[in-house]
Amino acid sequence: MTKPLADRIALVTGASRGIGFATAIALAKAGAHIVAVARTQGGLEELDDEIRKLGGSATLVPLNLTDSDGIARLGAGLHERYGKLDILVGNAGVLGPSSPIGHIELKTFNDVMAVNVSANFQLIRCMEPLLKQSDAGRAVFITSGAANKATAYVSPYAASKAALETLARAWAQETANMKLRVNLFNPGPVRTRMRATLMPGEDPETLDTPEQVAEFIVPLCAPDWTETGKFYDYRTRTLMSFRAPA
């Protein structure tokens with residue numbers, strides 16, 4: 001039986017653990033070839049082992065996403081090898097400090113913005129031409145409820161996710177008349193290392209796993225997905241539209 005994402009090329013950032021790892025596995029199960037990007041070589045190798053067990057294939061890209069030239073080289077390499085990109089999952093992110101704004105150093109703030117915003121900006125710049133070559137290019141960015149809640153004591157993270165949401169929405173507007181679809185996905189609290197760092201006293205067994213979440217990301221990556229510029233909220237299983245404040 002033909003798999004729904006057979007012969008499609010999917011780039012997943014932050015693929016060495018957590019939601020990125022689980023999403024890469026889920027996309028591979030659906031038939032996609034995975035271009036797995038992460039800083040951690042060991043985590044990428046574990047991912048490759050799991051994908052091979054499924055009969056799938058992956059290209060491993062050890063890369064710090066603050067290396068903007070490295071992202072550009074990756075885009076050039078994908079162009080040379082495949083001539084297209086079908087799926088982009090912008091998952092990589094850092095939490096940053098848990099502290100009052102006045103106690104946060106400027107460099108620390110900039111470090112969070114570099115990974116959560118600037119890296120995704122560079123990914124859009126470098127991968128858009130490849131996504132346009134696909135018959136159904138799909139981009140999904142992982143966001144957070146902190147963006148609209150303006151959560152206290154994680155201001156760099158909240159601000160970066162708000163910026164990411166606006167960046168993705170603007171890109172969706174720019175490409176609305178193309179075959180490319182761009183959307184945001186909010187997983188909510190999930191059993192990840194980042195969540196454990198933020199909420200050390202929380203029982204992880206009360207949270208859904210990255211594997212459960214990933215199953216809901218895959219449909220947004222499929223050729224038959226038609227919505228763009230939308231926000232999928234995993235906790236409520238609801239696809240939402242953005243609107244101006246009342």
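This is a predicted model: local features need pLDDT of at least 70, side-chain atom pairs count only at pLDDT 80 or more; totals for chains, interfaces and linings use all residues.
Let's start with S4, which spans residues 87-90. In a regular strand, side chains alternate between the two faces of the sheet. Here both faces are covered: Ile-87 and Val-89 are buried on one side, and Leu-88 and Gly-90 are buried on the other.

S4 has a parallel partner in S1 (residues 9-13), with 3 bridges joining the two. Within that pairing, Leu-11 has Leu-88 as its bridge partner. S4 also runs parallel to S5 (residues 138-142), this time with 4 bridges, and there Ile-87 sits opposite Arg-138. To get from S4 to S5, the chain passes through helix H4 (residues 106-132), making a right-handed β-α-β crossover.

If you're wondering about disulfides, a search of the whole structure turns up 0 of them. Take Cys-126: its closest cysteine sulfur belongs to Cys-221 and is 20 Å away, so the two are too far apart for a bond. Looked at from the other end, Cys-221 is in no disulfide either, and its nearest cysteine sulfur is that of Cys-126.

As for solvent, Cys-126 counts as buried at 15% relative accessibility. Cys-221 is buried too, with a relative accessible area of 0%.

The model has 9 salt bridges. One of them links the side chains of Asp-86 and Arg-8, with N to O at 3.3 Å. Asp-86 is in the loop between helix H3 (68-81) and S4, while Arg-8 is in the segment before S1, so this contact ties together parts that are 78 residues apart in sequence. Both residues are buried.

Over in helix H2 (residues 41-53), Arg-52 and Asp-48 are 4 residues apart, which means about one helical turn separates them. Their side chains meet in a salt bridge, N to O at 2.9 Å. How accessible are the two ends? Arg-52 is exposed at 57% relative accessibility, whereas Asp-48 is buried at 12%.

Another salt bridge joins Lys-230 to Glu-227, with the closest N and O atoms 2.8 Å apart. Here Lys-230 counts as buried, at 18% relative accessibility; the cut-off for buried is under 20%. Glu-227, at 31%, is partly exposed.

Technical notes
Residues are numbered from 1 along each chain as its sequence is written. Side-chain values use heavy atoms; hydrogens and water are left out. Buried means under 20% relative accessible area, exposed over 50%, partly exposed in between (1.4 Å probe, protein chains only). Two strands pair if DSSP finds at least two bridges between them. A crossover is right-handed if, with the strands pointing away from the viewer, the path from the first strand over the helix to the second runs clockwise. A disulfide is a pair of cysteine sulfur atoms within 2.5 Å. A salt bridge is a side-chain nitrogen of Lys or Arg within 4 Å of a carboxyl oxygen of Asp or Glu.
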